[in-house]
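Please read them with the structure open beside you.

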Amino acid sequence: MYNEIDLDNIDINLEPPAEEPARQYYYMAKCREWVKDLGEKQGRMPRFCVVNMGCQMNARDSEKLTGILEQIGYTASREEEADFVLYNTCTVRENANHKVYGRLGYLNGFKKKNPFMMIGLCGCMMQEALVVEKIRKSYSFVDLIFGTHNIYKFAELLYTTIENRILSVKHNKKNSMVIDIWQDTDLIVEDLPTERKYFFKSGVNIMFGCNNFCSYCIVPYVRGRERSREAKDILREIEMLAKDGVVEVMLLGQNVNSYGKTLDSPVSFAQLLQEVEKISGIERIRFMTSHPKDLSDELIDVMKNSSKICRHLHLPLQSGSTDILQKMNRKYTKEQYLDLIAKIRSAMPDIAITTDIIVGFPGETEEDFAETLDVVRKVEYDSAFTFLYSKRTGTPAASMENQTPEDVLKKRFDRLLSEVQKIAVKKAEKYTGSTQKVLIEHRNEQDARLVTGRMSNNSVVHLPGNADMIGKTVDVTLTECKGFYYIGEAN
């Protein structure tokens, strides 16, 4: 297991192993030797900074990248002080790309002052050929580029980058960029190092990729086709996390409801949840994201009868218009979505339901938008992530006719946001005065006398407390509702 591997016992003078993950540990040991030598030259250990720019899947990838760098011997720091900066990029929206370009220009100034500095880019944005070509031409000072499918090869790619750096210095030549992008893979490599952000909770990948091809979404093109991890590997990871003090896990996938379909011996998501619930030490189970077309009666039944699965379901709507849903390639109708919500609420009246909604999809009429408002009023979401539609190059929707005018789009967005907030505040108020179990997550950022935690339904609660409470589940009386969060007192 990765927690038990001693890099000092790996003979780096031998040929690298062919099998994974042993091959990557070999390259970690090689990199560690170089990092140690660099530390002696600098008079301090080299520093790194991994910057996560994307979703929770990306955040989990960043924890793995951080774990590898710490195994190698780097110490964490801020971007400006780092000898190696790695951006784990997102490309769901094009403005995310512009943010990366801006950060690269900023970093270049620091790199000019630090001859040992290296810059790496990975993640979804790097799966776009035009992006990589732009970086190669306009940001030639970048040292390493890799994508979403070969993150497990990070140590090997880093060693190649280091070798390039050594050769360029030795021969006084311009450093050559290491680029390794895969278009897809069916390989899943287990047991690589991970450095968790929180000691008491953790994300757990259960699958990778997406097969849905919603017409506005770039994810299937940059994350590849669906592939599920073996249930035994998932359960083994969660058992290890529980032994290490983790009490809450978030099962992650682009569409968790289709988990298990690619396995030789298929396992449903509901069946996987039942096995996770058996693991001692795990108190809370969360998951995201669910696609409405694949949410089964079996899953609803398992959630209903579970004592550990949190009473929160994120179920993206995207639009309340069946016509727009068809153009989005969502594969359900407004009526089917509402029927599903009714079934969920009948089984679990106390469940909090949140959603995603896109405003101004190409061709959206005022009547279509009214259908979305109708769903919002009927479902009464506890909260919603609302987005202005923007063209995403590379998706079918980007070339659709009847793009919504910007002024119309913004007015609709404001109307939707107002409706969502009004409903969310009304729903939240009903818990005032009740006592709820709250998992304390961190010190409050605005007031050091307070700590912040979450209820099972994902609502945020602030209460008086100290750092000793972090990671513990406490009974809290909710004394005041502030609209989107609560003030409470521990019992």
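1. The model is predicted. An α-helix has 3.6 residues a turn, so residues three or four places apart point the same way.

2. Glu-128 sits in the loop between β4 and α4 (129–138). Is Glu-128 buried or exposed? Its relative accessible area is 16%, and the cut-off for buried is under 20%, so Glu-128 counts as buried. The side chain of Glu-128 makes a polar contact of 2.5 Å with the side chain of Thr-91. Another polar contact, of 2.7 Å, links the side chains of Glu-128 and Arg-392. Leaving out residues up to four places away in sequence, Glu-128 touches Thr-91, Asn-97, Val-222, Arg-392 and Thr-393.

3. Strands β4, β5 and β6 belong to an open sheet of 6 strands, in the order β2-β1-β3-β4-β5-β6, with parallel pairing. Its edge strands are β2 (75–76) and β6 (178–180), each of which pairs on one side only. Strand β5 (residues 144–146) is joined to β6 by 3 bridges, and the two run parallel. Leu-144 stands opposite Val-178 in β6. Helix α5 (residues 154–170) lies across β3 (84–89), β4 (118–123), β5 and β6, and runs at about 155 degrees to β5.

4. How many residues of strand β10 (residues 248–252) are buried? The count is 5 of its 5 residues, so the strand is mostly covered. In a regular strand the side chains alternate between the two faces of the sheet. In β10, Glu-248, Met-250 and Leu-252 point one way, while Val-249 and Leu-251 point the other way, and all are buried.

5. Strand β10 has parallel partners. Strand β7 (residues 201–205) pairs with β10 in the parallel sense over 5 bridges, and the bridge partner of Asn-205 in β10 is Leu-252. Strand β11 (residues 284–288) also pairs with β10 in the parallel sense, over 5 bridges. Leu-252 has Met-288 as its bridge partner in β11.

6. The largest nonpolar core has 67 residues, and Val-249, Leu-251, Phe-269 and Ile-344 touch the most other members. Helix α7 (residues 231–243) gives the largest share of this core, 6 residues. A second, separate core of 35 residues includes Ile-72, Ala-155, Ile-162 and Leu-192. In soluble globular proteins, nonpolar side chains tend to be buried together. Neighbours within four places in sequence aside, Val-249 is in contact with residues including Val-204, Ile-238, Leu-241, Val-276 and Ile-285.

7. Ala-397 is in the loop between β14 (383–388) and α13 (406–429). With a relative accessible area of 0%, Ala-397 is buried. The C-alpha atoms of Ala-397 and Ser-215 are separated by 5.3 Å, although these residues are 182 residues apart along the chain. Not counting residues up to four places away in sequence, Ala-397 touches Ser-215, Tyr-216, Phe-361, Pro-362, Tyr-389 and Gln-403.

8. A closed barrel of 5 strands runs β15-β16-β17-β19-β18, and its pairing is mixed. Neighbouring strands of this sheet are turned by 50 degrees against each other on average, direction ignored. Strand β15 (residues 435–443) runs antiparallel to strand β18 (residues 473–481), joined by 5 bridges, and Gln-436 stands opposite Val-476 in β18. Strand β15 also pairs with strand β16 (residues 450–455) in the antiparallel sense over 5 bridges. There, Leu-439 has Arg-454 in β16 as its bridge partner.

9. Strand β18 pairs with strand β19 (residues 485–490) in the antiparallel sense over 5 bridges. Cys-481 stands opposite Tyr-486 in β19. Which residue takes a positive phi in the hairpin of β18 and β19? In this hairpin, with 3 residues between the strands, Gly-483 has a positive phi near 95 degrees.

Definitions and conventions. Residues numbered from 1 in each chain as written. Predicted model: local features only at pLDDT ≥ 70, side-chain atom pairs only at ≥ 80, totals over all residues. Heavy atoms only, no water. Pairing = 2+ DSSP bridges. Helix = DSSP H or I, 4+ residues; strand = E, 2+ residues; numbered from the N terminus. Contact = heavy atoms within 4.5 Å. Axes fitted to C-alpha atoms, helices over the stretch in contact; angles between N-to-C directions. Buried < 20%, exposed > 50% of the residue type's maximum accessible area, 1.4 Å probe, protein only. Polar contact = N/O pair within 3.5 Å; in protein donor to acceptor, adjacent residues only side chain to side chain. Core = buried A, V, L, I, M, F, W, Y, C linked by side-chain atoms within 4.5 Å.
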